[in-house]
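Me: I would like to learn how to read a protein structure, one feature at a time. Could we start with the surface?

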Amino acid sequence: MKIALIGYGAMGKLIKTLAEEKGHEIAVVCRSPRVSEGETSNLSATPLLMRGLLQPEELAGVDVAIDFSSAEAVKRNVATCIAAGVPIVEGTTGWNEQRTEIEQIVRDGNGAFVFGANFSIGVNLFYRIVAHAAELIAKFPEYEAFIEEQHHSRKKDSPSGTALKLKDIVAEHVKSEFSVSSIRAGNIPGTHRVGFDGPADQITLTHTARSREGFAIGAIMAAEWIVGKTGFYEFGDVMDEILN
């Protein structure tokens, strides 16, 4: 499978390493024009290193694109990939306000798109655990829900996309208002906690990421899954197919 990487920060570099270990080829890398020459040394074998705006013709021969760039670039990157007939895995968060427009671009172009607030397999199992817990807790209104998330200080969106997804999951069952809080500090890789506090006790469910590897593995798995498909999908659809 030939992969185009859009964005070559920490996630892009990790995806490159893991994808090549699985026998895939990184055919194209598109990254920020702010990169210095010294940072590109490990890309000497990559046929095309681009800076700035990706063009459809630069994706010729690519099977799938994986985007971990920036929220403001998502719509443009999706439009470029769909114009080139290349499925895209969207790992960037913070673009939810443009979701309707982006979905229309994908459907009008008969393209393929899969996104996730979080591509970690563990987090996606956590979603299902939280959904079941919220369904049980909803039968006892004396318990009040809350969500807490922590990330490194470089993360821009707050609350995280994962926290917002957890909020939606809990809200399907718990109809009363509940709080979602965020912390940004140091190098925290990502911690999400869903709690239910009652008069006599508290129940908490926690997912803690120890590294970015889980996100990268999930993104590669989504890329393998989306090739040959058309439509607008969430990573949960990938997980549903695996679990079923």
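Reply: Start with a nonpolar patch. Patches are made of residues with over 30% relative accessible area and no salt bridge; like charges are joined within 9 Å, and nonpolar side chains (Val, Leu, Ile, Met, Phe, Trp, Tyr) within 5 Å. Here Ile121, Leu125, Ile217 and Leu243 form such a patch on the surface, with about 310 Å² of accessible area together. Accessible areas come from the Shrake-Rupley method with a 1.4 Å probe, and for residues only the protein chains shown count as cover. The model is predicted: local features need pLDDT of at least 70, side-chain atom pairs count only at pLDDT 80 or more, and totals for chains, interfaces and linings use all residues. Residues are numbered from 1 along each chain as its sequence is written, and side-chain values use heavy atoms, with hydrogens and water left out.

Me: Where does Leu125 lie, and is Leu125 buried or exposed, or something in between?

Reply: Buried means under 20% relative accessible area, exposed over 50%, and partly exposed in between (1.4 Å probe, protein chains only). Leu125 counts as partly exposed because its relative accessibility is 37%. Leu125 belongs to helix α4 (residues 121-137). Helices (H or I, at least four residues) and strands (E, at least two) are DSSP runs, numbered from the N terminus.

Me: How is a pair of helices described?

Reply: Two packed helices are described by the angle between their axes and the distance between the axes. Axes are lines fitted to C-alpha atoms, for helices over the stretch in contact, and angles run from 0 to 180 degrees between N-to-C directions. The axes of α2 and α3 come within 9 Å and cross at roughly 5°. That makes α2 roughly parallel to α3. Angles under 35 degrees count as roughly parallel, over 145 as roughly antiparallel, 65 to 115 as roughly perpendicular and the rest as oblique. Val74, Lys75, Val78, Ala79 and Ile82 of α2 make the contact with Glu101, Ile102, Ile105 and Val106 of α3.

Me: What is a salt bridge, and how many does the structure hold?

Reply: A salt bridge is a side-chain nitrogen of Lys or Arg within 4 Å of a carboxyl oxygen of Asp or Glu. The structure holds 9 of them. One joins the side chains of Lys75 and Glu101, at 2.6 Å from N to O. This pair links distant parts of the chain, with Lys75 in α2 and Glu101 in α3, 26 residues apart. Another joins Lys22 and Glu224, at 3.0 Å from N to O. Lys22 lies in the loop between α1 (10-21) and β2 (25-31) and Glu224 in helix α6 (residues 213-226), so this pair ties together parts that are 202 residues apart in sequence. Asp240 and Arg128 form a further salt bridge, with their closest N and O atoms 2.5 Å apart. Asp240 is in helix α7 (residues 235-243) and Arg128 in helix α4, 112 residues apart.

Me: Which residues does His24 contact?

Reply: Leaving aside neighbours within four places in sequence, His24 is in contact with Met1, Ile3, Ala19, Ile220 and Glu224. His24 is in the loop between α1 and β2, and is buried because its relative accessible area is 14%. The C-alpha atoms of His24 and Ile220 are separated by 9.6 Å, although these residues are 196 apart along the chain.

Me: What should I look for in the backbone?

Reply: Most residues other than glycine have a negative phi, and most peptide bonds are trans. Asn110 has a positive phi of about 50° although it is not a glycine. Asn110 is in the loop between α3 and β6 and is exposed, with a relative accessible area of 58%. Just after α2, Gly85 also takes a positive phi, of about 75°. A cis peptide bond joins Ser158 and Pro159, with omega about 0°. Pro159 lies in the loop between β7 (144-151) and α5 (161-171).

How values were computed. Contact means heavy atoms within 4.5 Å.
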